[in-house]
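Below are my notes on the model you sent. They are set out as numbered points, beginning with a single side chain and ending with the chain as a whole.

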Amino acid sequence: MPKIELDPIQIWRVLNNLITNALKHNPNRVRITIDAIVEPNWLYCRISDDGVGISAEQSDRLFKLYSRGKRSRYMPGLGIGLYLSQQIITAHGGEIGVVSSPGNGSTFWFTLPCQSEQL
């Protein structure tokens, strides 16, 4: 792995939030895959599930403050987890996003910059 300057507590918050959301918003037997790929100057991390997926309309607003899914009224939470995750990743110089469609699961991803002399 390349050298990456980061706040481990904050990155743990991001990972914890993404994994918890995958478990919370999907059926009990959801399969979650976590992986990381080193690309030139970037670490690309993905948390994928084979769950219910997210509509394009909902995906567009997921990272907004207090945004919650349609089924979220029956679940605990304030709608700040993905917003805070975005703030943390952006503060580290990276990006965060989601690729999803209903019935096809979701892949949340984020990037973190690597120190180029280590590549």
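1. Asparagine 26 counts as buried, at 11% relative accessibility. Buried means under 20% relative accessible area, exposed means over 50%, and partly exposed is in between, with a 1.4 Å probe and protein chains only. Asparagine 26 sits in the loop between α1 (8-24) and β1 (32-39). Helices (H or I, at least four residues) and strands (E, at least two) are DSSP runs, numbered from the N terminus.

2. This is a predicted model, in which local features need pLDDT of at least 70 and side-chain atom pairs count only at pLDDT 80 or more, while totals for chains, interfaces and linings use all residues. Residues are numbered from 1 along each chain as its sequence is written, and side-chain values use heavy atoms, with hydrogens and water left out.

3. With neighbours within four places in sequence left aside, aspartate 49 is in contact with Ala22, Asn26, Val30, Arg31, Ile32, Gly105 and Ser106.

4. Asparagine 41 deserves a look at its backbone. Its phi is near 70 degrees, a positive value in a residue other than glycine. Most residues other than glycine have a negative phi. Asparagine 41 lies in the loop between β1 and β2 and is partly exposed, with a relative accessible area of 37%.

5. Is serine 59 buried or exposed? Serine 59 is buried, because its relative accessible area is 14%. It belongs to helix α2 (residues 56-61). Beyond residues up to four places away in sequence, serine 59 touches Ile54, Val98 and Ser100. The C-alpha atoms of serine 59 and serine 101 are separated by 8.8 Å, although the two are 42 residues apart along the chain.

6. Next, the helix pair. Two packed helices are described by the angle between their axes and the distance between the axes. The axes of α1 and helix α3 (residues 81-91) come within 9 Å and cross at roughly 145 degrees. Axes are lines fitted to C-alpha atoms, for helices over the stretch in contact, and angles run from 0 to 180 degrees between N-to-C directions. On the α1 side, Gln10, Ile11, Arg13, Val14, Asn17, Leu18 and Asn21 take part, meeting Gly81, Leu82, Ser85, Ile88 and Ile89 in α3.

7. Finally, the whole chain. The protein chain has 3 helices and 4 strands, which follow the pattern α-β-β-α-α-β-β along the sequence. Of its 119 residues, 37% count as buried. Among contacts with a separation of 6 or more, 59% are between residues 24 or more positions apart. The accessible surface comes to about 7,500 Å², and 53% of that belongs to carbon and sulfur atoms; such areas come from the Shrake-Rupley method with a 1.4 Å probe.

Technical notes
Contact = heavy atoms within 4.5 Å.
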